[in-house]
Amino acid sequence: MAVDPLIEMRDVNKHYGKLHVLKDINLTVGRGEVVVVIGPSGSGKSTLCRAINRLEPVESGTILLDGHPLPDEGRELAKLRAEVGMVFQSFNLFAHKTVLANVSLAPVKVRKRSREEADRRSRELLERVGLLAHADKYPAQLSGGQQQRVAIARALAMEPKALLFDEPTSALDPEMINEVLEVMQQLARDGMTMVVVTHEMGFARSAANRVVFMADGRIVEDRAPEEFFTAPRSERAKDFLSKILKH
Amino acid sequence: MNVLTDNFSLYGKGLLGTVELTVYASLLALVLGFLMASFRVAPVGSLRVFGTVWVTVLRNTPLTLLFFAVLLGLPRFGVVLPFQLFAVLALGCYTSAFICEAVRSGINTVPTGQGEAARSLGMTFGQTLSLVVLPQAFRSVIPPVGSTLIALAKNSAIAGSFSVTELLGTYKTLNELGYSVVWSFVWIAVGYLIVTLTISAVFNVLEKRWGVPR
């Protein structure tokens, strides 16, 4: 369906010891598409997300980013990773640097921009996520939701072609989830290519172009959100949805 | 009691020798220690092996044996250097193994997510280590590195047995001159205290300045 594929995974397999966590994964994400990956815990959805920028190396199959196969560890891989931003469950802001320095670090060191230019751009991004006032604070001084929005700004500062979200709201208080989701909604509307692993069904319904349902290391369903939520085809998905949508 | 006043210049030379050995060997140990720690966490297998072998061999060799190996062994291969330099090499390499392990334990205190975030932004292994991981690891390795350098200062006494001028070696001369053994050693001990307490003080300052706030 995707006319212009940006991320392609073909027959990807991965084991953790005996555990087969990714089984023959085939997934294509088109440019500008928002794909939400859902599924029970242990289904391999986080691993799938982390495999896209090779934080988890895979054993077989190919992963293509914008037509280029993912290279092995080294400078080439670093170059490709710079094109794909990642937002983590535990934020992972650099604890020893201020908010502004967190956002500016990679543009200066990886993109070789001047510090002034990088800081100017970082301030724009912090403004966009509503945190410009906190630019000189350290991550530990911010709430979880604020930290996660800084993490999104930090990923955006590299002007990535795509963004990967690995359960971005799972470590947040319910009150703070919305402020992060709003930023993500805005990114989706702006046409950013996104792969989002999440348990936020509301976000999946409203922002996703496609929902990918994973269970036991396999992609079980890959469909438009409205179809998936109203009429899931597989038993596994019906079971999953009945459990999470009940209460 | 007048051992010190009578032999001030002898003590002074000895103390200076110990300070020189300590400072030069510490610098060498710190540089090699950080380098080896980087090797041991590198994504390149051969570097990891090199770092592991370096630490295993040096940490498990008695220092005296290492001195023999360097001072008697290297000249056989045509490497002839002043004894003091040999002593710095032996002490520095030996201590670097312990520094390496202290730094590595510090690296392990930094959450893996920090490194993952850096890599996901396109940083190379070297950038990830030097910009993100080591600055945070540094804070928690200040105390163990301080202890290791104090041990180095005391280990430098072994160099005295290999005709390098240092503090402990002064006792031989003093003994021959007929001074009281007890008072000779008391002043030698004071000399070592000056060196080791200075190191402690420096590391206390470092810890106050850079240590992890809890």
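Student: Which residue in β8(A) is the bridge partner of Asp166(A)?
Tutor: Val197(A) is the bridge partner of Asp166(A) in β8(A). This is a predicted model, where local features need pLDDT of at least 70 and side-chain atom pairs count only at pLDDT 80 or more, while totals for chains, interfaces and linings use all residues. Residues are numbered from 1 along each chain as its sequence is written, chains are lettered from A and ligands numbered from 1 in the order written, and side-chain values use heavy atoms, without hydrogens and water.

Student: How many bridges join β7(A) to β8(A)?
Tutor: Five bridges join them, and the two strands run parallel. Strand β8 covers residues 193-197 of chain A. Strands pair if DSSP finds at least two bridges between them. Strands (E, at least two residues) and helices (H or I, at least four) are DSSP runs, numbered from the N terminus.

Student: What about β6(A) and β7(A), parallel or antiparallel?
Tutor: Parallel, over four bridges. Strand β6 is residues 84-87 of chain A. Take Val87(A): Phe165(A) in β7(A) is its bridge partner.

Student: Why is β7(A) said to be largely enclosed?
Tutor: Five of its five residues are buried, so the rest of the structure largely encloses β7(A), residues 162-166. Buried means under 20% relative accessible area, exposed means over 50%, and partly exposed is in between (1.4 Å probe, protein chains only).

Student: Which way do the residues of β7(A) point?
Tutor: Ala162(A), Leu164(A) and Asp166(A) point one way. Leu163(A) and Phe165(A) point the other way. All of them are buried.

Student: New topic. What is the strand order in the open sheet of four strands in chain A?
Tutor: The order is β2-β1-β4-β5, and the pairing is antiparallel. The edge strands are β2 (19-30) and β5 (68-69) of chain A, each of which pairs on one side only.

Student: How many bridges pair β1(A) with β2(A)?
Tutor: Eight bridges, in the antiparallel sense. Strand β1 is residues 5-16 of chain A. For one of its residues, Val12(A), the bridge partner in β2(A) is Ile25(A).

Student: And what is the phi of Asp24(A)?
Tutor: Near 45°. That is a positive value in a residue other than glycine. Asp24(A) sits in strand β2 of chain A.

Student: Is Asp24(A) buried, exposed or partly exposed, and why?
Tutor: Asp24(A) counts as partly exposed because its relative accessibility is 45%.

Student: OK. And where is Asn92(A)?
Tutor: Asn92(A) is in the loop between β6 and α3 (99-109) of chain A. Its phi is near 55°, a positive value in a residue other than glycine.

Student: Buried or exposed, that Asn92(A)?
Tutor: Asn92(A) is buried, as its relative accessible area is 8%.

Student: What does the UniProt annotation on residues 7-241 of chain A say?
Tutor: The unreviewed UniProt entry carries the annotation "domain: ABC transporter" for residues 7-241 of chain A. UniProt positions follow the numbering used here, feature names are shortened, and annotations may be inferred rather than shown by experiment.

Student: How much helix and strand is in residues 7-241 of chain A?
Tutor: The chain there is 38% helix and 26% strand. The end C-alpha atoms of that stretch are 27 Å apart.

Student: Switch to chain B. What pLDDT does chain B average?
Tutor: Chain B averages 92, and 98% of its residues score at least 70. pLDDT is the predictor's confidence in each residue, from 0 to 100.

Student: Where in chain B is confidence lowest, and where highest?
Tutor: Helix α1 (residues 3-6) of chain B is lowest, at a mean of 83. Helix α3 (residues 45-59) of chain B is highest, at 96. As a general point, where pLDDT is low, the predicted coordinates should not be read in detail.

Student: Which helix holds Tyr24(B)?
Tutor: Helix α2 (residues 8-40) of chain B. Tyr24(B) counts as partly exposed, because its relative accessibility is 47%.

Student: Last one. What separates the C-alpha atoms of Tyr24(B) and Val110(B)?
Tutor: A distance of 30 Å separates them. Along the chain, Tyr24(B) and Val110(B) are 86 residues apart.
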